Amino acid sequence: GLWFGEQIAYGLDKRSNSVRAKTPVKVIAVPRDAIDAMVTEDPLCLKNFGRLSASHIVSCMRGITELLVQDSFATVCVRLITLGVAYSLSNYGKPIELPITNGELAGLCGISRKTVNRILGDLKKAGAIDSRYGAVTILSLKLLSEIAANDVGRGHAPLHDAP
């Protein structure tokens, strides 16, 4: 699940959030009065809302850090790892199919689709991923992480020699 909007618990104004789901989801809206009642009845709820806020701040900082990476190869690897970890929580160690197009991945990485296609081809050759129309499958998060760690800051020439 995903929770957002906890700023209401702190008495802050409403915020507009945009969320796009690639798979069917259920959305539950909790009215401000109900949030106020929860905090009044159990002050520990405010602490839990604080934890949610801290978690969201960490996610935002991680996203900003990813955007600051200047190497397109590392950016794609890191974005795939981030998405893969989120999708693998219930299927750890198994291939992770991400329902994402190359164009969407390019948009998330701030680079061209052509560059993403080239990088995905190199990662596929290295055995870290498989890709098809509308999806990228991470075959090994461990291998993808090792490739990213080894190639950050030095390009990705080693992948061209991979079996």
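These legends walk through a few close-up views of a predicted model.

**View 1. Helix H4 and what its buried residues pack against.**
H4 covers residues 102–109, and Leu 105, Ala 106 and Cys 109 in this helix are buried. Look down the axis of H4 and those buried residues fall within an arc of 100°, so they line one face of the helix. They pack against two other helices, H3 (72–88) and H5 (113–125).

H5 has 13 residues and reaches 18 Å from its first C-alpha to its last, close to the 18 Å expected at 1.5 Å a residue. Its buried residues are Thr 115, Val 116, Ile 119, Leu 120, Asp 122 and Leu 123. Just after H5, look for Gly 127, which takes a positive phi of about 85°.

**View 2. An open sheet of 3 strands.**
Read across the sheet and the order is S1-S3-S2, with antiparallel pairing. Strand S1 (96–98) and strand S2 (129–132) stand at the edges with a single partner strand each, so one side of each has no neighbour in the sheet. From one strand to the next, the twist averages 20°.

**View 3. Strands S2 and S3, with H5 packed on the sheet.**
S2 pairs with S3 (residues 135–138) in the antiparallel sense, over 4 bridges. To get your bearings, find Ile 129, which stands opposite Ile 138 in S3. H5 packs on the sheet here, touching both S2 and S3, and its direction makes about 130° with that of S2.

**View 4. The largest nonpolar core, and a second one.**
Which residues touch the most other members of the largest nonpolar core? Among its 25 residues, they are Val 76, Leu 80, Leu 120 and Leu 123. At least two residues of this core come from each of H3, S1, H4, H5, S3 and helix H6 (141–151). H3 gives the largest share, 5 residues. There's also a second, separate core of 6 residues, including Ile 35, Val 39, Cys 45 and Phe 49.

Terms used: Residues numbered from 1 in each chain as written. Predicted model: local features only at pLDDT ≥ 70, side-chain atom pairs only at ≥ 80, totals over all residues. Heavy atoms only, no water. Buried < 20%, exposed > 50% of the residue type's maximum accessible area, 1.4 Å probe, protein only. Arc of directions from axis to C-beta. Contact = heavy atoms within 4.5 Å. Pairing = 2+ DSSP bridges. Axes fitted to C-alpha atoms, helices over the stretch in contact; angles between N-to-C directions. Expected span 1.5 Å × (residues − 1). Core = buried A, V, L, I, M, F, W, Y, C linked by side-chain atoms within 4.5 Å.
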